[in-house]
Amino acid sequence: MQTSLSPTSASRDWMFWRGLKRSTRVVCYPRLKPIHQLEALPVDDGVAGFYNWRSLGNDPQFAWRRQLPLPGWNMLEIGIRHDQPSGSARLYVDTGQGFNEAESFYLTLRPGRIAKRLCFIGAGIRGIRFDPLEAEGCFVVDHLRLVWLTPWFAHDRLAQRLANLHGQWLETPKARVLAQLKLSAQAQKLHWRALALKQYEETFVRLCPRKSYRQWLVQQPVLSIEQISRRLTTFSYRPLISILLPTYNPDIKDLDHCIESVLAQHYPNWQLCIADDASTDPRVHERFAHYAERDSRIEVVFRPTNGHICAASNTALARARGDYVALLDHDDRLVPEALYHVIETLQRQPQAALLYSDEDKIDDFDERFDPHFKPAWNPDLLLGQNYVSHLGVYRTERVNSLGGFRQGFEGSQDHDLTLRFCAGLDPDQIVRIPHVLYHWHAGQGSTASAAVEKAYTADAGLQAVQDYLTRHAAGASVEPGKFPNTYRVRWPIPDPAPLVSLLIPTRDQVSILRPCVEAILERTRYPHLELLILDNGSTCPQTLAFLDDIATDPRVRVLRWPQPFNYSAINNFGARHANGHILGLINNDIEPINEDWLEEMVGQACRDEIGCVGAKLYYPDGTVQHAGVLLGVGGVAGHAHKYFSRHEPGYFSRLHLAQNYSAVTAACLVVRKSLFDAVGGLDEENLAVAFNDVDFCLKVREAGYRNLWTPFAELYHHESVSRGADDTNAKRQRASREADYMRRRWRHRLFDDPAYHPNLTLTYEDFSLR
């Protein structure tokens, strides 16, 4: 069927579209013609076996030739393999207004998966443009098409997505979404489809290339100077903040930007303590003299000899008169509202001893990019990387009592200070300010642009973490992480090693159970374990024979649970029969990869302050299935970094760092049995199938323990193969009831996850902008 449209035939084609039967299937495949920032890779190119195109910039474009789609509802399907950490594509449709953002359709590219979305295409299509990436890189288009949809099917998919992913409709049954949406549109004097498409668009993740971050920044509210001044008059606590600025031969332009950013602060009660570490550039002295004369709040000390950054920072610290000191590098900048937000936070949380903020980077052309939206206090993440800096604001008295900055830790002196400063503080004394207050300069040669250019910083950081462990965690040791300035801590296992009871619920399907059990027994180096197979009414002869055979292994017991499936009840039953000091909740479709997986998890679980410990789980194709649980995603919870390649760093290397999450999945979860019993185990009554692990972890957290996820216990997970999907009305109703229960029970936690950030998406699990 010829689907090309011309402006003169638009009305006839529109009538044809309206008359199509529900069973009609019109598929539009393009022929792509490169028109901008694209080159074809030659056959003999080294990467040609994987990719056949190279993007030469951040705006590569294909013209869509041959077929044009029918107007109306279409399903856009895209599959692209590329060599970038992440990717996104956009389709533009020209219906007479040229190619524009309003008539474009965005999709995040999923590794190894075809991405799909609804598109409503107006009449009079003149052309289509396809932008395959938003960055330089190599790629191949494996799948690309538009499939025309009948309105009734498109409306059903639209309602389903809004009910599942849009914050306004999460608690609304799918059948009611469109009716209520139409009423809302009528009240706003909008066509219902315009409102529906706007909200549908909001459910799609936005990655954070520079262009997207620029667009996001424009949309953020900004307080005016007048608003800030009025609010400041209401503050009862307005302490002096001393900003410490050590310098050595800074670029004059960068130095000017830095000091001007302090002078531009909307909060006036500050002191800038500059300690110049014997700069040899005479222009530096001239600039400091200029600024000191310009503003009496600026104090400059010229050190006679160069002593490096710790000595210079201590010289600046000695001049500080403020209740708090803030750390600033000589080529970085503060946002004008930075100190205001610090003071505003102190009005609400006067107990704060350390405050830290989000940050982004700024290049030599003053363009902001790469924002780092940080979790709230996350002590295990701090051992893996210095996520606190920048901006860090510390109570001066405590910094002085610790002796300030320690020489010998140059390059990671702020990480060393933060580790020592936080030791012994209550968690509520460490406060995150969820705003970007600091621009980290990413100029040539800076640590921000290339951490490997300053390898000594990683060595100093390793020394800082080891010193902390020596003082506060006997037996623990640290080693370099996979990425620059990241670290792995190895926690000791008690001697003798505690008995671990691994609980594996199962029913039939020996083809799944056998490789799981055999892999655990063969590929687990941990010396002291028992494996409890909890049989939930198996009838398959092969399964029963396998259970009889495996029970002859002295490490294995088979316990019968002949009741209707209830994941929580089965595991509670197993826990009552477990002999171990440590429990491991294990799905029957799990297979270990590294032999020390259980040693890693037990070492973490035996720490007094740690509750539940989760593992890094992969789908069989090597993409991530679980890397910690993010609360609020999808309405209740989702898995961090889902579908990422196992080799990707993740959000600021978090895919390869042990850290605290509010929850981890019970597909592979280790916890002390005493703690499991103390919080009442899993909820059998309200959460028979789903979310019982999230609920359990939140109970453990409320009991005062930190839950932890480790990337150093790696296993494959054939997710829900044995239980099956929620593909019947009864299962879907049960899933809905359990989700509703979680929202009622944990509403105060689900949408304020301390391991996440309010500026990051609740639609997907990839840490993209909300």
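The model is predicted: local features need pLDDT of at least 70, side-chain atom pairs count only at pLDDT 80 or more, and totals for chains, interfaces and linings use all residues. Residues are numbered from 1 along each chain as its sequence is written, and side-chain values use heavy atoms, leaving out hydrogens and water.

Turning to strands and helices (DSSP runs numbered from the N terminus; helices H or I, at least four residues; strands E, at least two), strand 13 (residues 270–276) runs parallel to strand 14 (residues 298–302), joined by five bridges; pairing requires at least two DSSP bridges. Leu-272 stands opposite Ile-298 in strand 14.

Salt bridges (a side-chain nitrogen of Lys or Arg within 4 Å of a carboxyl oxygen of Asp or Glu) number 45. One of them joins Lys-116 and Glu-77 at 3.9 Å, N to O. This pair links distant parts of the chain, with Lys-116 in strand 9 (residues 115–121) and Glu-77 in strand 6 (residues 72–82), 39 residues apart. Lys-116 counts as partly exposed because its relative accessibility is 48%, whereas Glu-77, at 7%, counts as buried. Arg-129 and Asp-131 meet at 2.8 Å, N to O, and both are buried.

Key:
Buried < 20%, exposed > 50% of the residue type's maximum accessible area, 1.4 Å probe, protein only.
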